[in-house]
Amino acid sequence: MRTCGLLLHVTSLPGRFGIGDLGPAAYRFVDFLAQAKQGLWQVLPLVPVGDGHSPYSSPSTFAGNPLFVSPERLMEDGLLRADDLADAPTFPADRVDFARAVPFREGLLRRAFARFQDGAAPALRDAFDDFCRTQAGWLEDYALFAALKSHHEGRPWTDWAPPLARRDPAALDAARREHADAVAGHRFAQFLFARQWEALRRYAHAHRVRLLGDLPIYVAHDSADVWAHPDRFLLDDDGQPVAVAGVPPDYFSETGQRWGNPLYRWDRMHEAGYRWWIDRLTRTLSLVDLVRLDHFRGFEAYWSVPAEEATAIHGTWVEGPGAPLFEALERVLGRPLPLVAEDLGTITPGVVTLMEHFGLPGMAVLQFAFGGDADNGFRPHNFRRGAVAYTGTHDNDTFRGWWEGGATPEERAIGRAYLGPGEPHWAAIRAVATSVADTVVFPLQDVLGLGSEARMNTPGQDGGNWAWRVADGALTADHAERLALLTQVTGRVPG
């Protein structure tokens with residue numbers, strides 16, 4: 001089935017409380033998607049963020065981002081009062097000021113939990129208890145990890161007292177008693193996220209909008225996942241990575257990208273029947289309908305960088321888990337797997353074979369289309385029918401920003417010949433929409449024709465990423481009508 005959608009992370013939604021959330025603006029965006037005849041809303045990972053505020057470096061791959069909890073919805077539940085929000089600071093409308101927004105939002109969550117403990121919102125109590133019971137497999141480790149990390153002023157778990165770092169049972173029991181209130185508060189924040197997200201998901205489904213999520217291949221070293229299960233990762237006796245993840249030099253960086261994530265002990269994952277991966281994907285699919293599997297390349301072979309290296313140049317390729325992992329996922333989730341393989345970068349015949357064997361669609365990005373010759377696979381006339389095609393991704397500049405500042409003169413000449421006259425960003429949208437690709441997705445920045453100031457992420461750049469927000473009122477009826485017409489004439493209206 002042909003479909004069309006928009007890419008916009010939750011943090012980028014408008015609103016007056018410093019960061020996009022699951023409140024009124026999220027519902028208005030679903031309304032816009034429905035008006036524009038869009039069948040998909042793609043988001044970045046919904047997890048809490050770690051250093052650099054990246055959703056690809058999280059303290060938990062199972063938890064939801066508590067900063068997404070809507071203060072307005074907490075008022076409706078009776079957990080916040082109007083005077084709690086009356087003196088909210090004035091935040092920038094176009095960027096997330098993480099340094100100010102995070103402590104403000106965390107303060108609201110603490111206030112909501114204190115009210116709940118004092119008897120507010122009694123109708124939620126059974127639902128909260130049920131959530132804690134059904135999600136205990138990941139929730140208990142995460143809540144304790146988050147409480148301990150706060151107690152240690154944000155220091156990584158490898159810097160905690162050895163009994164805690166090594167999860168001595170007596171030390172963990174003592175920590176649970178000492179930090180019981182903080183642990184319960186983190187459980188409650190996760191409950192609020194889950195409740196609000198599920199309500200938004202139901203609303204999206206009622207408007208024929210499916211949700212496309214994102215699952216990073218790796219997890220952060222400083223995370224509940226690694227702390228709770230160090231045996232699943234390539235660590236030394238002190239809990240430090242022996243080798244870390246990344247990619248070799250490529251389009252984005254001449255020194256490659258040294259991500260720093262610990263590498264998996266795939267032998268132990270295999271011995272355990274890939275249970276952790278099954279649980280991880282099942283959890284993600286409880287929140288979204290489809291999952292973009294980031295850095296699919298790493299499942300066939302991954303770039304292993306010695307931990308002492310400052311860049312990713314001196315890494316080596318190591319064989320990944322391959323087909324047995326996806327066979328294990330199929331046994332639980334069935335076939336076809338609801339996955340999109342992010343297959344950008346250096347792709348080998350082995351990667352292609354793995355994707356084809358499991359029927360996984362790959363990606364095509366128009367910004368990469370205008371180098372080389374007519375056989376360039378990113379040009380729409382070469383798209384594969386099963387592909388998910390984009391004008392750009394969260395790692396690209398906006399199309400207009402790339403066109404005006406990043407494209408070479410040769411790329412612009414080829415692009416103009418290919419796209420024709422008119423606004424480059426809209427010509428790009430039209431070229432992707434009229435292609436044979438079954439699924440097409442456009443970053444909202446391209447629909448709005450925004451420049452580099454609206455870029456979401458620049459790989460390899462320290463600071464300044466993940467902060468862009470769309471202005472309130474930027475989406476108009478004209479935008480919706482223009483998208484709707486293109487969606488109709490290209491046969492992509494949701495069924």
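Is Ser-12 buried or exposed? And what can you show me around that residue and beyond?

Mentor: Happy to! Keep in mind that this is a predicted model. Ser-12 counts as buried, because its relative accessibility is 1% and the cut-off for buried is under 20%. You will find Ser-12 in the loop between strand S1 (3-7) and helix H1 (24-35). Leaving aside residues up to four places away in sequence, Ser-12 touches Met-456, Trp-468, Arg-469 and Val-470.

The axes of H1 and helix H9 (residues 180-206) come within 10 Å and cross at roughly 20 degrees. That angle makes H1 roughly parallel to H9, since angles under 35 degrees count that way. The crossing of the two helices, H1 and H9, is right-handed. To see where they meet, look for Ala-26, Tyr-27, Val-30 and Asp-31 on the H1 side. Their counterparts in H9 are Gln-196, Ala-199, Leu-200, Tyr-203 and Ala-204.

Another loop is worth a visit, the one between strand S3 (210-215) and helix H10 (224-228), where His-221 has its place. His-221 also counts as buried, because its relative accessibility is 14%. Again setting aside residues up to four places away in sequence, the residues that His-221 touches include Trp-157, Thr-158, Val-226, Leu-235 and Pro-262. Gly-239, Gln-240 and Pro-241 are also among the residues in touch with His-221. Look closely at Gly-239: its backbone oxygen lies 2.7 Å from a polar atom of the His-221 side chain. For a sense of scale, His-221 and Arg-430 are 42 Å apart in space, C-alpha to C-alpha, and 209 residues apart in sequence.

Let us finish with a sheet. Strands of a sheet pair through backbone hydrogen bonds, either parallel or antiparallel. Here, four strands in the order S5-S4-S7-S8 form an open sheet, and their pairing is antiparallel. Strand S5 (257-262) and strand S8 (316-319) stand at the edges with a single partner strand each, so one side of each has no neighbour in the sheet. From one strand to the next, the twist averages 50 degrees. Within the sheet, strand S4 (residues 243-247) and strand S7 (residues 301-306) pair over four bridges.

Technical notes:
Residues numbered from 1 in each chain as written. Predicted model: local features only at pLDDT ≥ 70, side-chain atom pairs only at ≥ 80, totals over all residues. Heavy atoms only, no water. Buried < 20%, exposed > 50% of the residue type's maximum accessible area, 1.4 Å probe, protein only. Contact = heavy atoms within 4.5 Å. Polar contact = N/O pair within 3.5 Å; in protein donor to acceptor, adjacent residues only side chain to side chain. Pairing = 2+ DSSP bridges. Axes fitted to C-alpha atoms, helices over the stretch in contact; angles between N-to-C directions. Parallel < 35°, antiparallel > 145°, perpendicular 65-115°, else oblique. Left-handed = near helix turned anticlockwise from the far one by under 90°.
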